[in-house]
Amino acid sequence: NTGVFVLSFSEPVLLSSIDTSVIQFQSSFKQVSTDEGFRAVAVTNASIYQPRDTESALLVALQLSHDNLNNLKQEPLVCRYTSNCYVVFSDSLLVDMADNAIAPVVQAFPGQPLQQLLRDETQPELEAFDLNMDRAQLTLSFSEVVDPASLNASALCLHPTSNSSSSSSSSSSRYSWCLTGGSSAGRQVAADAGVASTVVVVDVSSDDMRALKARRVASSANTTFLSMGAGAIVDTAFEPNGVVGVPRSSALGVRSYTGDSVGPRLARFEVDMEVAEVRLLFNEPVEVGSFDVTQFVLQNVQNSSNGGGVVLEEWRLSNSSSVRGGGNALTGFTSAAEAAASVAAGVEVGESWVVVELGPDDEIGLKSQRGLAASTETTYAWFGAGLVADMGGNAVHAIGAESAQEAVAHAGNEQLTSLV
(Lines give C-alpha, C1' and ligand atoms only; values in the text may rest on other atoms or scores of the structure.)
Protein backbone atom coordinates (compact mmCIF):
# COMPACT_ATOMS: atom_id res chain seq x y z
CA ASN A 1 0.00 0.00 0.00
CA THR A 2 2.73 2.48 1.04
CA GLY A 3 5.82 0.66 -0.23
CA VAL A 4 7.31 0.20 3.26
CA PHE A 5 8.77 -3.22 4.12
CA VAL A 6 10.12 -4.16 7.56
CA LEU A 7 13.09 -6.46 8.27
CA SER A 8 13.52 -8.01 11.74
CA PHE A 9 17.03 -9.13 12.77
CA SER A 10 18.37 -11.39 15.53
CA GLU A 11 20.67 -8.66 16.84
CA PRO A 12 21.25 -4.94 16.29
CA VAL A 13 22.60 -4.08 12.85
CA LEU A 14 24.61 -1.07 11.67
CA LEU A 15 22.15 1.11 9.75
CA SER A 16 24.80 2.92 7.75
CA SER A 17 26.01 -0.41 6.29
CA ILE A 18 22.71 -1.33 4.65
CA ASP A 19 22.90 -1.87 0.87
CA THR A 20 19.33 -2.37 -0.36
CA SER A 21 20.42 -3.08 -3.96
CA VAL A 22 21.15 -6.72 -3.05
CA ILE A 23 17.53 -7.38 -2.03
CA GLN A 24 15.15 -9.16 -4.36
CA PHE A 25 11.47 -10.05 -4.00
CA GLN A 26 10.41 -13.21 -5.77
CA SER A 27 7.46 -15.52 -6.26
CA SER A 28 8.99 -18.61 -4.62
CA PHE A 29 11.88 -19.59 -2.35
CA LYS A 30 13.95 -20.90 -5.26
CA GLN A 31 14.63 -19.46 -8.68
CA VAL A 32 13.29 -21.62 -11.49
CA SER A 33 12.38 -20.84 -15.11
CA THR A 34 9.77 -18.25 -15.97
CA ASP A 35 7.92 -21.01 -17.81
CA GLU A 36 7.27 -22.51 -14.38
CA GLY A 37 5.79 -19.25 -13.15
CA PHE A 38 8.84 -17.78 -11.46
CA ARG A 39 9.10 -14.00 -11.30
CA ALA A 40 11.41 -11.62 -9.42
CA VAL A 41 11.58 -7.89 -8.76
CA ALA A 42 14.86 -6.32 -7.63
CA VAL A 43 14.98 -3.50 -5.11
CA THR A 44 16.63 -0.77 -7.15
CA ASN A 45 15.92 2.23 -4.95
CA ALA A 46 15.00 2.13 -1.27
CA SER A 47 15.83 4.22 1.79
CA ILE A 48 15.61 3.82 5.55
CA TYR A 49 12.15 4.87 6.71
CA GLN A 50 12.57 4.01 10.41
CA PRO A 51 14.35 4.28 12.77
CA ARG A 52 16.11 7.58 12.21
CA ASP A 53 18.74 9.45 14.21
CA THR A 54 20.16 6.23 15.60
CA GLU A 55 23.15 4.05 14.73
CA SER A 56 21.70 0.56 15.13
CA ALA A 57 18.37 -1.25 15.31
CA LEU A 58 16.72 -4.66 15.51
CA LEU A 59 13.82 -3.62 13.30
CA VAL A 60 14.46 -1.67 10.11
CA ALA A 61 11.68 -0.24 7.91
CA LEU A 62 12.73 0.45 4.34
CA GLN A 63 10.80 2.67 1.94
CA LEU A 64 10.65 1.63 -1.71
CA SER A 65 10.84 4.46 -4.21
CA HIS A 66 7.67 5.31 -6.13
CA ASP A 67 9.05 3.70 -9.29
CA ASN A 68 10.23 0.60 -7.46
CA LEU A 69 6.84 0.15 -5.82
CA ASN A 70 5.17 0.44 -9.22
CA ASN A 71 7.58 -2.17 -10.60
CA LEU A 72 6.44 -4.51 -7.85
CA LYS A 73 2.77 -3.76 -8.51
CA GLN A 74 3.36 -4.38 -12.19
CA GLU A 75 4.30 -8.00 -11.57
CA PRO A 76 1.14 -10.00 -10.75
CA LEU A 77 3.03 -13.10 -9.58
CA VAL A 78 5.15 -11.39 -6.91
CA CYS A 79 3.82 -10.32 -3.48
CA ARG A 80 0.23 -10.18 -4.60
CA TYR A 81 -0.50 -12.32 -1.54
CA THR A 82 1.64 -13.87 1.21
CA SER A 83 2.20 -17.24 -0.46
CA ASN A 84 3.98 -15.74 -3.48
CA CYS A 85 6.22 -13.31 -1.64
CA TYR A 86 9.78 -14.28 -0.70
CA VAL A 87 12.90 -12.20 -0.15
CA VAL A 88 16.52 -13.11 -0.93
CA PHE A 89 19.75 -11.16 -0.41
CA SER A 90 23.49 -11.70 -0.25
CA ASP A 91 25.77 -11.32 2.78
CA SER A 92 26.66 -7.80 1.61
CA LEU A 93 23.27 -6.51 2.71
CA LEU A 94 24.65 -5.24 6.05
CA VAL A 95 26.90 -5.93 9.04
CA ASP A 96 26.21 -6.04 12.76
CA MET A 97 27.83 -3.76 15.32
CA ALA A 98 30.89 -6.03 15.38
CA ASP A 99 31.28 -5.80 11.58
CA ASN A 100 30.06 -9.36 11.03
CA ALA A 101 28.23 -9.83 7.73
CA ILE A 102 24.66 -11.04 7.80
CA ALA A 103 23.87 -14.63 6.92
CA PRO A 104 22.52 -14.53 3.33
CA VAL A 105 19.10 -15.79 2.30
CA VAL A 106 19.88 -18.10 -0.59
CA GLN A 107 17.82 -19.61 -3.40
CA ALA A 108 16.85 -22.76 -1.53
CA PHE A 109 14.17 -24.23 0.70
CA PRO A 110 12.69 -22.91 2.93
CA GLY A 111 13.73 -19.41 1.84
CA GLN A 112 12.49 -16.32 3.66
CA PRO A 113 8.72 -16.04 3.20
CA LEU A 114 6.73 -12.93 3.98
CA GLN A 115 5.23 -12.83 7.47
CA GLN A 116 2.59 -10.15 6.96
CA LEU A 117 1.19 -8.37 3.90
CA LEU A 118 -0.82 -5.16 3.95
CA ARG A 119 -2.67 -5.06 0.66
CA ASP A 120 -2.86 -2.05 -1.63
CA GLU A 121 -5.93 0.00 -0.70
CA THR A 122 -4.89 3.28 -2.34
CA GLN A 123 -6.96 4.53 -5.27
CA PRO A 124 -4.98 5.58 -8.34
CA GLU A 125 -5.34 9.17 -9.52
CA LEU A 126 -5.11 10.75 -12.95
CA GLU A 127 -2.10 13.06 -12.73
CA ALA A 128 -1.91 14.39 -16.30
CA PHE A 129 -3.01 13.75 -19.86
CA ASP A 130 -1.68 14.53 -23.33
CA LEU A 131 -3.61 14.78 -26.58
CA ASN A 132 -2.22 14.36 -30.08
CA MET A 133 -4.82 15.36 -32.68
CA ASP A 134 -2.57 14.27 -35.56
CA ARG A 135 -2.19 10.72 -34.23
CA ALA A 136 -5.65 10.60 -32.62
CA GLN A 137 -4.09 9.50 -29.33
CA LEU A 138 -5.03 10.35 -25.76
CA THR A 139 -2.27 9.56 -23.24
CA LEU A 140 -3.23 9.18 -19.58
CA SER A 141 -0.65 9.32 -16.76
CA PHE A 142 -1.60 7.86 -13.38
CA SER A 143 -0.18 8.05 -9.87
CA GLU A 144 0.40 4.30 -9.80
CA VAL A 145 0.32 1.24 -12.00
CA VAL A 146 -3.10 0.52 -13.50
CA ASP A 147 -4.55 -2.29 -15.61
CA PRO A 148 -5.03 -0.97 -19.19
CA ALA A 149 -7.51 -3.73 -20.05
CA SER A 150 -9.89 -2.42 -17.39
CA LEU A 151 -10.28 1.01 -19.00
CA ASN A 152 -13.82 2.15 -19.73
CA ALA A 153 -13.12 4.73 -22.42
CA SER A 154 -16.71 5.97 -22.43
CA ALA A 155 -16.04 7.49 -18.99
CA LEU A 156 -13.53 9.89 -20.59
CA CYS A 157 -14.96 13.25 -21.66
CA LEU A 158 -13.25 16.22 -23.30
CA HIS A 159 -14.42 19.77 -22.61
CA PRO A 160 -13.55 23.25 -23.91
CA THR A 161 -13.31 24.72 -20.38
CA SER A 162 -12.35 23.52 -16.91
CA ASN A 163 -15.96 23.85 -15.75
CA SER A 164 -18.31 22.18 -18.22
CA SER A 165 -20.86 20.89 -15.75
CA SER A 166 -24.14 19.96 -17.38
CA SER A 167 -25.84 22.16 -14.81
CA SER A 168 -23.65 25.13 -15.69
CA SER A 169 -25.32 28.11 -17.31
CA SER A 170 -22.37 28.30 -19.68
CA SER A 171 -22.89 26.95 -23.18
CA SER A 172 -19.54 25.12 -22.98
CA SER A 173 -21.23 21.92 -21.80
CA ARG A 174 -22.86 21.59 -25.24
CA TYR A 175 -19.46 21.33 -26.89
CA SER A 176 -18.27 18.56 -24.57
CA TRP A 177 -17.76 15.09 -25.99
CA CYS A 178 -17.46 11.72 -24.22
CA LEU A 179 -15.63 8.98 -26.07
CA THR A 180 -17.93 6.31 -27.40
CA GLY A 181 -16.00 3.58 -25.60
CA GLY A 182 -16.27 -0.17 -26.03
CA SER A 183 -13.73 -2.73 -27.19
CA SER A 184 -14.05 -2.23 -30.93
CA ALA A 185 -11.03 -1.73 -33.17
CA GLY A 186 -9.30 1.59 -32.62
CA ARG A 187 -10.96 2.01 -29.26
CA GLN A 188 -8.85 -0.07 -26.91
CA VAL A 189 -5.55 0.80 -25.31
CA ALA A 190 -2.68 1.07 -27.76
CA ALA A 191 -0.18 -0.37 -25.26
CA ASP A 192 -0.09 -4.13 -24.69
CA ALA A 193 -3.39 -5.05 -23.09
CA GLY A 194 -2.77 -6.72 -19.75
CA VAL A 195 0.65 -5.09 -19.23
CA ALA A 196 0.19 -2.83 -16.23
CA SER A 197 1.66 0.64 -16.49
CA THR A 198 1.39 4.15 -15.10
CA VAL A 199 0.83 5.41 -18.65
CA VAL A 200 -2.11 4.32 -20.80
CA VAL A 201 -2.43 5.35 -24.45
CA VAL A 202 -5.92 5.34 -25.96
CA ASP A 203 -6.48 5.32 -29.71
CA VAL A 204 -9.35 7.73 -30.32
CA SER A 205 -11.77 6.41 -32.94
CA SER A 206 -12.44 8.23 -36.20
CA ASP A 207 -16.04 8.87 -35.10
CA ASP A 208 -14.84 10.50 -31.89
CA MET A 209 -12.22 12.56 -33.72
CA ARG A 210 -14.87 13.79 -36.15
CA ALA A 211 -17.13 14.81 -33.27
CA LEU A 212 -14.31 16.63 -31.46
CA LYS A 213 -13.29 18.59 -34.53
CA ALA A 214 -16.87 19.46 -35.39
CA ARG A 215 -17.43 20.92 -31.94
CA ARG A 216 -14.18 22.88 -31.75
CA VAL A 217 -13.39 21.17 -28.46
CA ALA A 218 -9.68 20.25 -28.22
CA SER A 219 -8.92 22.78 -30.98
CA SER A 220 -6.03 24.15 -28.88
CA ALA A 221 -4.44 23.64 -25.47
CA ASN A 222 -6.79 26.31 -24.13
CA THR A 223 -9.87 24.32 -25.13
CA THR A 224 -8.72 20.87 -23.99
CA PHE A 225 -9.87 19.66 -20.56
CA LEU A 226 -10.62 16.12 -19.43
CA SER A 227 -13.06 14.64 -16.95
CA MET A 228 -13.08 10.99 -15.90
CA GLY A 229 -15.72 8.91 -14.20
CA ALA A 230 -14.83 7.31 -10.87
CA GLY A 231 -13.65 3.73 -11.41
CA ALA A 232 -13.00 4.25 -15.14
CA ILE A 233 -9.85 2.16 -14.67
CA VAL A 234 -8.52 0.07 -11.78
CA ASP A 235 -5.09 -0.69 -10.34
CA THR A 236 -3.45 -4.10 -10.07
CA ALA A 237 -4.23 -4.79 -6.40
CA PHE A 238 -5.51 -8.22 -5.34
CA GLU A 239 -8.81 -6.43 -4.76
CA PRO A 240 -8.57 -3.71 -7.45
CA ASN A 241 -9.02 -0.07 -6.47
CA GLY A 242 -10.91 2.17 -8.89
CA VAL A 243 -9.43 5.46 -10.03
CA VAL A 244 -10.51 8.66 -8.31
CA GLY A 245 -12.94 10.51 -10.56
CA VAL A 246 -12.23 13.89 -12.15
CA PRO A 247 -15.54 15.83 -12.26
CA ARG A 248 -16.71 18.01 -15.13
CA SER A 249 -16.86 20.98 -12.78
CA SER A 250 -13.08 20.84 -12.27
CA ALA A 251 -11.80 19.12 -15.39
CA LEU A 252 -8.06 18.62 -15.79
CA GLY A 253 -6.20 20.80 -18.29
CA VAL A 254 -4.04 19.15 -20.95
CA ARG A 255 -0.32 18.82 -20.20
CA SER A 256 0.93 18.45 -23.76
CA TYR A 257 -1.16 19.27 -26.82
CA THR A 258 -0.36 18.55 -30.47
CA GLY A 259 -2.79 20.19 -32.84
CA ASP A 260 -4.19 18.92 -36.11
CA SER A 261 -1.76 19.69 -38.94
CA VAL A 262 -3.16 17.28 -41.54
CA GLY A 263 -5.49 18.61 -44.20
CA PRO A 264 -8.83 16.95 -45.02
CA ARG A 265 -9.37 14.62 -47.96
CA LEU A 266 -12.37 14.12 -50.19
CA ALA A 267 -13.78 10.72 -49.21
CA ARG A 268 -16.55 10.60 -51.82
CA PHE A 269 -18.86 12.77 -53.84
CA GLU A 270 -22.13 12.32 -55.67
CA VAL A 271 -24.03 14.29 -58.29
CA ASP A 272 -27.80 14.64 -58.44
CA MET A 273 -28.82 16.42 -61.65
CA GLU A 274 -32.49 15.92 -60.80
CA VAL A 275 -32.25 18.47 -57.96
CA ALA A 276 -29.08 20.13 -59.28
CA GLU A 277 -26.79 19.31 -56.36
CA VAL A 278 -23.22 18.09 -55.89
CA ARG A 279 -22.60 16.53 -52.46
CA LEU A 280 -19.10 16.06 -51.08
CA LEU A 281 -18.11 14.03 -48.03
CA PHE A 282 -14.73 14.78 -46.42
CA ASN A 283 -12.88 12.53 -44.01
CA GLU A 284 -13.18 15.15 -41.27
CA PRO A 285 -15.31 18.24 -40.55
CA VAL A 286 -14.47 21.27 -42.66
CA GLU A 287 -15.20 24.97 -42.38
CA VAL A 288 -18.10 25.28 -44.80
CA GLY A 289 -17.62 29.04 -44.99
CA SER A 290 -14.15 28.52 -46.47
CA PHE A 291 -15.46 26.50 -49.43
CA ASP A 292 -14.55 28.16 -52.75
CA VAL A 293 -16.94 26.73 -55.31
CA THR A 294 -14.87 28.12 -58.22
CA GLN A 295 -12.09 25.66 -57.35
CA PHE A 296 -14.30 22.66 -58.17
CA VAL A 297 -14.13 21.17 -61.68
CA LEU A 298 -16.09 18.29 -63.20
CA GLN A 299 -14.84 16.38 -66.24
CA ASN A 300 -15.90 13.29 -68.14
CA VAL A 301 -12.62 11.31 -67.93
CA GLN A 302 -10.25 10.51 -65.10
CA ASN A 303 -7.15 11.78 -66.90
CA SER A 304 -7.64 15.03 -68.77
CA SER A 305 -4.38 14.44 -70.69
CA ASN A 306 -5.26 10.93 -71.81
CA GLY A 307 -8.94 10.20 -72.22
CA GLY A 308 -8.43 7.02 -74.21
CA GLY A 309 -9.90 8.53 -77.35
CA VAL A 310 -12.76 10.27 -75.52
CA VAL A 311 -13.05 14.00 -76.20
CA LEU A 312 -12.51 15.93 -72.98
CA GLU A 313 -15.55 17.75 -71.62
CA GLU A 314 -15.28 19.76 -68.41
CA TRP A 315 -16.98 22.45 -66.39
CA ARG A 316 -15.63 24.66 -63.61
CA LEU A 317 -18.33 25.76 -61.20
CA SER A 318 -19.00 29.46 -60.79
CA ASN A 319 -20.24 31.75 -58.08
CA SER A 320 -23.75 31.27 -59.39
CA SER A 321 -23.78 28.12 -57.24
CA SER A 322 -24.24 28.27 -53.46
CA VAL A 323 -22.87 26.11 -50.65
CA ARG A 324 -24.36 24.76 -47.43
CA GLY A 325 -23.34 22.23 -44.82
CA GLY A 326 -24.79 18.74 -44.73
CA GLY A 327 -23.90 17.61 -41.21
CA ASN A 328 -21.63 14.81 -40.05
CA ALA A 329 -23.67 11.63 -40.46
CA LEU A 330 -21.60 9.18 -42.49
CA THR A 331 -24.75 7.43 -43.65
CA GLY A 332 -25.76 10.51 -45.62
CA PHE A 333 -26.02 14.26 -45.65
CA THR A 334 -28.69 16.02 -43.61
CA SER A 335 -31.28 18.44 -44.86
CA ALA A 336 -30.59 22.15 -44.99
CA ALA A 337 -32.93 22.71 -42.03
CA GLU A 338 -31.27 20.00 -39.87
CA ALA A 339 -27.74 21.21 -40.66
CA ALA A 340 -28.67 24.83 -39.99
CA ALA A 341 -30.30 23.91 -36.67
CA SER A 342 -27.12 22.16 -35.49
CA VAL A 343 -24.93 25.13 -36.36
CA ALA A 344 -27.40 27.59 -34.85
CA ALA A 345 -27.35 25.60 -31.60
CA GLY A 346 -23.60 26.08 -31.52
CA VAL A 347 -22.90 22.36 -31.25
CA GLU A 348 -21.47 21.08 -34.53
CA VAL A 349 -19.97 24.12 -36.22
CA GLY A 350 -17.85 22.00 -38.58
CA GLU A 351 -19.45 19.65 -41.08
CA SER A 352 -18.15 16.64 -43.02
CA TRP A 353 -20.74 16.99 -45.78
CA VAL A 354 -20.72 20.00 -48.10
CA VAL A 355 -23.68 20.40 -50.47
CA VAL A 356 -23.24 22.57 -53.57
CA GLU A 357 -26.57 23.79 -54.91
CA LEU A 358 -25.93 24.39 -58.60
CA GLY A 359 -26.82 27.84 -59.84
CA PRO A 360 -28.53 28.40 -63.23
CA ASP A 361 -25.25 29.01 -65.08
CA ASP A 362 -23.62 25.84 -63.75
CA GLU A 363 -26.70 23.67 -64.18
CA ILE A 364 -27.09 24.73 -67.80
CA GLY A 365 -23.34 24.44 -68.41
CA LEU A 366 -23.27 20.81 -67.26
CA LYS A 367 -26.46 19.83 -69.09
CA SER A 368 -25.23 21.38 -72.33
CA GLN A 369 -22.43 18.80 -72.60
CA ARG A 370 -23.86 15.42 -73.55
CA GLY A 371 -20.92 13.36 -72.30
CA LEU A 372 -20.39 15.15 -68.98
CA ALA A 373 -22.03 14.14 -65.69
CA ALA A 374 -24.34 11.72 -67.47
CA SER A 375 -23.40 8.80 -65.19
CA THR A 376 -20.77 7.94 -62.57
CA GLU A 377 -18.49 6.79 -65.41
CA THR A 378 -18.56 10.28 -66.92
CA THR A 379 -18.36 12.25 -63.67
CA TYR A 380 -14.90 12.97 -62.28
CA ALA A 381 -13.85 15.83 -60.00
CA TRP A 382 -10.62 17.70 -59.39
CA PHE A 383 -9.76 20.82 -57.42
CA GLY A 384 -6.94 22.83 -55.90
CA ALA A 385 -5.90 23.15 -52.26
CA GLY A 386 -7.92 26.34 -52.01
CA LEU A 387 -11.24 24.47 -52.24
CA VAL A 388 -11.81 24.22 -48.48
CA ALA A 389 -10.00 24.01 -45.12
CA ASP A 390 -10.66 21.96 -42.01
CA MET A 391 -11.50 23.37 -38.59
CA GLY A 392 -7.80 23.82 -37.87
CA GLY A 393 -7.27 25.87 -41.02
CA ASN A 394 -5.44 23.07 -42.87
CA ALA A 395 -6.02 23.13 -46.64
CA VAL A 396 -7.65 20.17 -48.34
CA HIS A 397 -5.46 17.71 -50.23
CA ALA A 398 -5.75 18.77 -53.87
CA ILE A 399 -6.77 16.37 -56.63
CA GLY A 400 -5.24 16.91 -60.05
CA ALA A 401 -6.94 16.85 -63.45
CA GLU A 402 -4.76 13.88 -64.47
CA SER A 403 -6.02 11.77 -61.54
CA ALA A 404 -9.54 13.03 -60.96
CA GLN A 405 -11.83 11.25 -58.51
CA GLU A 406 -14.90 9.41 -59.79
CA ALA A 407 -18.36 10.04 -58.35
CA VAL A 408 -19.79 7.20 -56.28
CA ALA A 409 -23.41 8.05 -57.04
CA HIS A 410 -25.27 9.80 -59.82
CA ALA A 411 -28.89 10.74 -60.45
CA GLY A 412 -29.74 11.84 -63.96
CA ASN A 413 -31.99 14.62 -65.08
CA GLU A 414 -35.40 13.12 -65.82
CA GLN A 415 -37.36 16.35 -65.99
CA LEU A 416 -39.20 16.99 -69.23
CA THR A 417 -38.09 20.02 -71.19
CA SER A 418 -40.70 22.74 -71.36
CA LEU A 419 -41.11 25.78 -73.56
CA VAL A 420 -40.40 29.03 -71.71
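## Basis of the description

Residues are numbered from 1 along each chain as its sequence is written, and side-chain values use heavy atoms, with hydrogens and water left out. In this predicted model, local features need pLDDT of at least 70 and side-chain atom pairs count only at pLDDT 80 or more, while totals for chains, interfaces and linings use all residues.

## Overall make-up

The protein has five helices and 23 strands. Helices (H or I, at least four residues) and strands (E, at least two) are DSSP runs, numbered from the N terminus. Of the 420 residues, 45% count as buried; buried means under 20% relative accessible area, exposed means over 50%, and partly exposed lies in between (1.4 Å probe, protein chains only). The accessible surface comes to about 20100 Å², as given by the Shrake-Rupley method with a 1.4 Å probe, where for residues only the protein chains shown count as cover. Carbon and sulfur atoms hold 49% of this surface.

A contact means heavy atoms within 4.5 Å. Among contacts between residues at least 6 apart in sequence, 71% join residues at least 24 apart.

Strands of a sheet pair through backbone hydrogen bonds, either parallel or antiparallel. Here, three strands form an open sheet in the order β1-β5-β4, with antiparallel pairing. The edge strands are β1 (4–14) and β4 (46–50), each of which pairs on one side only. Neighbouring strands of this sheet are turned by 40° against each other on average, direction ignored; the axes are lines fitted to C-alpha atoms, for helices over the stretch in contact, and angles run from 0 to 180 degrees between N-to-C directions.

Two strands count as paired if DSSP finds at least two bridges between them. Seven bridges join β1 to β5, and S8 has L59 in β5 as its bridge partner. Four bridges join β4 to β5; the partner of Q50 is A61 in β5, and I48 stands opposite L62 in β5. The strands β4 and β5 form a hairpin with five residues between them, and D53 in the turn has a positive phi of about 55°.

## Helix α1

Helix α1 spans residues 66–74, and its buried residues are N68, L69, N70, L72 and K73. These buried residues pack against five strands: β2 (24–26), β3 (40–42), β5 (56–64), β8 (137–146) and β11 (197–203).

## The disulfides

A disulfide is a covalent bond between the sulfur atoms of two cysteines. It is identified here as a pair of cysteine sulfur atoms within 2.5 Å.

| Disulfide | S to S distance |
|---|---|
| C79 to C85 | 2.0 Å |
| C157 to C178 | 1.9 Å |

The torsion about the S-S bond of C79 and C85 is about 70°, so this disulfide is right-handed. Both C79 and C85 are buried.

For C157 and C178 the torsion is about 95°, so this disulfide is right-handed. The pair links distant parts of the chain, 21 residues apart: C157 lies in strand β9 (residues 156–159) and C178 in strand β10 (residues 177–178). C157 has a relative accessible area of 7% and is therefore buried, whereas C178, at 26% relative accessibility, counts as partly exposed.
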